[in-house]
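Me: I am new to this structure and would like to learn how to read its charged side chains. Could you take me through them step by step?

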Amino acid sequence: TSLDLGFDKRGLLLFALEPPVKRYPAPKDVEALRLVEKKIAQLPGVQAVTLSREALLAQSWSNSNFVPIDQRALQDQDQHVGVNWVGSDFFATMRIPILKGRSFNEHDTESSRMVAVINATLAQHEFGAINPVGAYFRMREGGDPIEIIGICADAKYGWLRDKPPTTFYLLYTQMRDPGSMTFEVRTEGNPKSFVDRIQKAVASIDKDLPLIDIRTQEEQI
């Protein structure tokens, strides 16, 4: 497609994993996903790896209220906006630029304060010309405060021909019960040639943990 996606679709292999709840009760489910992420990142020819609750352009999306708690915010009402739980290397892997502030890093953990990256459209809608980095919001009234640490470029989310929606991104390691997660693996050459290697890497962690719905990002589109 010639449409501007806001991310680089080339060289990406996608698949889902869903650690069984009985074998992987919280927090073992998050630990298993993180271990798979690290294992795949070590494979020769893998340039970057991340994961997300929602695959991009899969005709689905998650949404949430966005309740600013900083007096500088323009809006004071709940706003239903897109939300995606992602890995710390999501923006680097998908090649979505960080425009202000920073992306997630190793200091953002399950035990640290909750943090988010918001897209440019959400920043403009809620904060206008004011830089929102350092401001806080909640996903619901009375919910935990979440610090905005960065602004990223807009990217398509659920549907190809829709404009990028207002969106914020949270870390999956700060999530409870992640369930099924989609891995995005950026590779050298043909992504499909890495399927066997990735299957073996996952099997070395758990031979009964299958890769679900293997496809490239271009096939997803």
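**Reading the salt bridges**

Reply: Let us begin with one pair, keeping in mind that this is a predicted model: Arg-102 and Asp-108 form a salt bridge, in which the closest N and O atoms are 2.9 Å apart.

Me: Is Asp-108 buried or exposed?

Reply: Burial is judged by relative accessible area, with under 20% counting as buried and over 50% as exposed. Asp-108 has 8% relative accessibility and therefore counts as buried, whereas Arg-102, at 27%, is partly exposed.

Me: How many salt bridges does a search of the whole structure find?

Reply: The search finds ten. One of them joins Arg-95 to Asp-8, with 2.9 Å between the closest N and O atoms, and this pair links distant parts of the chain, since Arg-95 lies in the loop between helix H2 and strand E6 while Asp-8 lies in the segment before strand E1, 87 residues apart.

Me: Which other salt bridge does Asp-8 form with an arginine, and where does that partner lie?

Reply: Asp-8 also forms a salt bridge with Arg-186, the closest N and O atoms being 3.9 Å apart; Arg-186 is in strand E11, 178 residues from Asp-8, and both residues are buried.

Me: What about Glu-37, and which side chain of opposite charge is nearest to Glu-37?

Reply: Glu-37, found in helix H1, is buried yet has no salt bridge, and the nearest side chain of opposite charge, Arg-34, is 6.7 Å away. Leaving aside residues up to four places away in sequence, Glu-37 touches several residues, including Val-49, Tyr-172 and Phe-183.

Key. Residues numbered from 1 in each chain as written. Predicted model: local features only at pLDDT ≥ 70, side-chain atom pairs only at ≥ 80, totals over all residues. Heavy atoms only, no water. Helix = DSSP H or I, 4+ residues; strand = E, 2+ residues; numbered from the N terminus. Buried < 20%, exposed > 50% of the residue type's maximum accessible area, 1.4 Å probe, protein only. Lys, Arg positive; Asp, Glu negative; His and termini not counted. Salt bridge = Lys/Arg side-chain N within 4 Å of Asp/Glu carboxyl O. Contact = heavy atoms within 4.5 Å.
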